[in-house]
Amino acid sequence: MDNYTPKRVTLFAGHYGSGKTNIAVNFALWLKSKVLNVKIADLDIVNPYFRTKDSARVLDNAGITLISSKYANTNVDLPALPEQTYGLVQRRDSYAVLDVGGDDRGAYALGRYAPYILEENDYEMVFVANFYRPLTANAEEALEVMREIEGACGIKFTAIVNNSNLGNITTADDVRATLSEAEKLSDLSGLPVIFTSVDEKINVNENNVLKLTLQEKYFDIKEN
Amino acid sequence: MKDKVLMKGNEAIAEAAIKAGCRHYFGYPITPQTEIAAYMAKRMPKIGGTFLQAESEIAAINMVYGVAACGLRVMTSSSSPGVSLKQEGISYIAGADLPALIVNVQRGGPGLGGIQPSQSDYFQATKGGGHCDYHLIVLAPASVQEMADLTIKGFDLADKYRVPTMLLSDGTLGQMMEPVELPDVTPVKVEKPWAVTGTKNEREHNIVNSLYLKPEILEKTNIERYERYALIEKEEVMYEEFMMDDAEYCVVAYGIASRVSKNAVLKARAEGVKVGLIRPITLWPFPADALKKASDKVKAFVTVELSMGQMIEDVRLAIECKKPVVLCNRTGGMIPTPEEVLESIINLAKEVK
């Protein structure tokens with residue numbers, strides 16, 4: 001990650017369940033170690049469970065501003081986005097991380113901000129790939145999802161992140177086994193793989209790795 | 001790469017149904033189970049199956065009734081308020097002795113309630129949510145792997161006994177992601193001589209119906225069906241015991257509550273309280289014998305539920321009220337923390353020595 005120069009706006013999109021939220025939060029924390037002002041916005045209006053807001057305390061402690069629907073994690077299943085999100089793409093006074101909803105359906109909401117992002121032209125549109133997800137199990141299927149998302153939001157991808165994992169049983173070998181598939185997706189799309197993201201508990205000796213600190217969940221059983 | 005994939009519980013249900021030979025799915029979107037319909041919409045056209053978003057839950061369950069009558073594996077899914085709408089159709093399917101799989105990814109209620117997880121449809125699922133005398137086989141998964149495995153099992157049981165089966169899950173299990181291995185299944189081939197498949201002028205018409213004009217015949221049909229239920233109660237009970245060998249206290253919990261409870265049991269053991277857990281996997285038939293056996297050796301029970309206390313009644317019945325049973329619960333979309341369950345166990349151990 002040391003050689004990576006961040007753009008003003010970084011967007012994470014991809015197949016739902018590919019790990020966009022975890023990466024967006026961890027990327028924002030990494031970004032905060034490089035630059036002064038970082039804001040993160042949750043643009044997911046499709047899935048009401050497991051949101052950026054789950055990490056509100058971590059982000060707050062790090063001094064990162066979280067922009068999230070006031071209805072996230074509540075009983076209101078309302079597809080609304082807060083007005084502050086416009087500030088991120090119009091005022092341009094801080095670095096911005098945008099956590100986009102999954103698939104093309106989740107990416108439609110990004111469309112309303114796309115003209116400002118394209119006009120400023122200082123963004124990285126990142127496709128998050130997990131080749132252990134059944135509907136994006138190889139480069140060809142992942143490419144199909146990429147094109148669907150681009151069609152929905154009006155912004156073309158500029159980079160790929162390989163976040164292949166099997167949840168809490170992932171081993172370093174499982175990650176390494178997907179590197180060639182990520183390269184294949186890179187060849188097919190003509191886009192660089194800017195980093196591989198890996199749970200910090202897993203030791204992968206590869207270049208360009210973003211270590212992820214993941215939240216523990218109350219239902220993760222810790223057998224002795 | 002491993003044979004495992006990373007899936008949401010809802011996706012695991014959908015893919016497992018396809019593996020089990022289900023080629024007909026009828027549904028209507030509702031959080032937190034919409035991924036099942038979305039997955040089916042994507043996959044069914046690719047494998048020559050039928051995905052249909054019905055105009056309502058009521059329409060969807062009656063489409064299930066129709067396909068089940070044709071002898072084909074069929075599924076519908078919804079969440080609590082939507083499953084209430086399906087109840088009339090479910091009673092008809094039970095009354096016509098048809099196999100089908102109905103999935104309920106429960107959310108908080110009553111009424112419109114909320115979209116967060118709950119287990120408060122236990123009564124509805126196990127006691128007959130629709131009208132009159134009938135049972136569903138009710139399966140309660142506790143992991144994404146079990147969402148897949150019990151979906152396949154549900155189709156097999158439904159076919160074997162000609163009884164509609166319900167997979168009773170909750171919003172957390174539906175939404176959470178875990179590694180899962182989807183087995184290659186050869187669907188159990190069950191002869192269905194009763195199915196309406198066209199006579200080809202070679203046999204008498206089959207009639208699928210739940211209407212009986214003569215009460216004597218209806219009574220006889222009901223009694224025969226209950227003989228089948230008795231067989232299911234004898235043959236198909238499933239449960240898991242966790243640290244029960246030397247247990248002095250017993251936690252009873254199913255589904256997501258059992259996972260929180262397992263963490264609490266481990267914490268209580270670390271504090272020197274000998275506690276174990278019984279996890280019903282079939283909610284109907286209920287593992288009454290296992291609980292009765294446990295009641296001979298443990299001092300008291302605590303049931304952990306995401307409801308105001310429903311399964312607790314079956315626990316008391318199973319142990320014939322021989323030992324105290326207390327409730328540890330959250331409701332309305334809230335989930336008890338392992339610490340809350342631990343506190344319940346510790347308090348129980350202090351009160352019942």
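Me: B:Pro110 lies in the loop between β5 (101–106) and α5 of chain B. What is the peptide bond from B:Gly109 to B:Pro110, cis or trans?

Reply: In this predicted model, the bond from B:Gly109 to B:Pro110 is cis, with omega near 5°. It deserves mention because most peptide bonds are trans. B:Pro285 is found in the loop between β12 (282–284) and α10 (288–295) of chain B.

Me: Why is the pair B:Glu146 and B:Arg279 called a salt bridge?

Reply: The closest N and O atoms of B:Glu146 and B:Arg279 are 2.8 Å apart. The cut-off between a side-chain nitrogen of Lys or Arg and a carboxyl oxygen of Asp or Glu is 4 Å, so the pair qualifies. The rule finds three salt bridges across the interface of domain 1 of chain B and domain 2 of chain B, together with 14 residue pairs in polar contact. By class, the side of domain 1 of chain B that touches domain 2 of chain B has 16 nonpolar, nine polar and six charged residues.

Me: How do you know that domain 1 of chain B and domain 2 of chain B touch, given that their C-alpha centres lie 27 Å apart?

Reply: The contact takes 31 residues from domain 1 of chain B and 27 residues from domain 2 of chain B. The area buried between the two domains of chain B is about 2300 Å², of which carbon and sulfur atoms give 57%. Domain 1 of chain B covers 5–199 + 222–235, and domain 2 of chain B covers 239–351.

Me: How many residues are in contact between chain B and chain A, and what area is buried?

Reply: The contact involves 36 residues of chain B and 34 residues of chain A. The buried area is about 3100 Å², with 60% from carbon and sulfur atoms.

Me: Why do A:Arg147 and A:Glu150 count as a salt bridge, and where do they lie?

Reply: The N to O distance is 3.2 Å, which is within 4 Å, so this pair of Arg and Glu counts. Both residues lie in helix α6 (residues 139–153) of chain A, three residues apart, about one turn of the helix. Over all chains the count comes to 33 salt bridges.

Me: What is the predictor's confidence in chain A?

Reply: The mean pLDDT of chain A is 90, and 94% of its residues reach 70 or more. Confidence is lowest in strand β8 (residues 209–212) of chain A, at a mean of 89, and highest in strand β5 (residues 123–129) of chain A, at 98.

Technical notes
Residues numbered from 1 in each chain as written. Chains lettered and ligands numbered in written order. Predicted model: local features only at pLDDT ≥ 70, side-chain atom pairs only at ≥ 80, totals over all residues. Heavy atoms only, no water. Domains from an automatic or database assignment. Contact = heavy atoms within 4.5 Å. Buried area = accessible area lost by both parts, 1.4 Å probe. Polar contact = N/O pair within 3.5 Å; in protein donor to acceptor, adjacent residues only side chain to side chain. Nonpolar A, V, L, I, M, F, W, Y, C, P; charged D, E, K, R; others polar. pLDDT = per-residue confidence, 0-100. Helix = DSSP H or I, 4+ residues; strand = E, 2+ residues; numbered from the N terminus.
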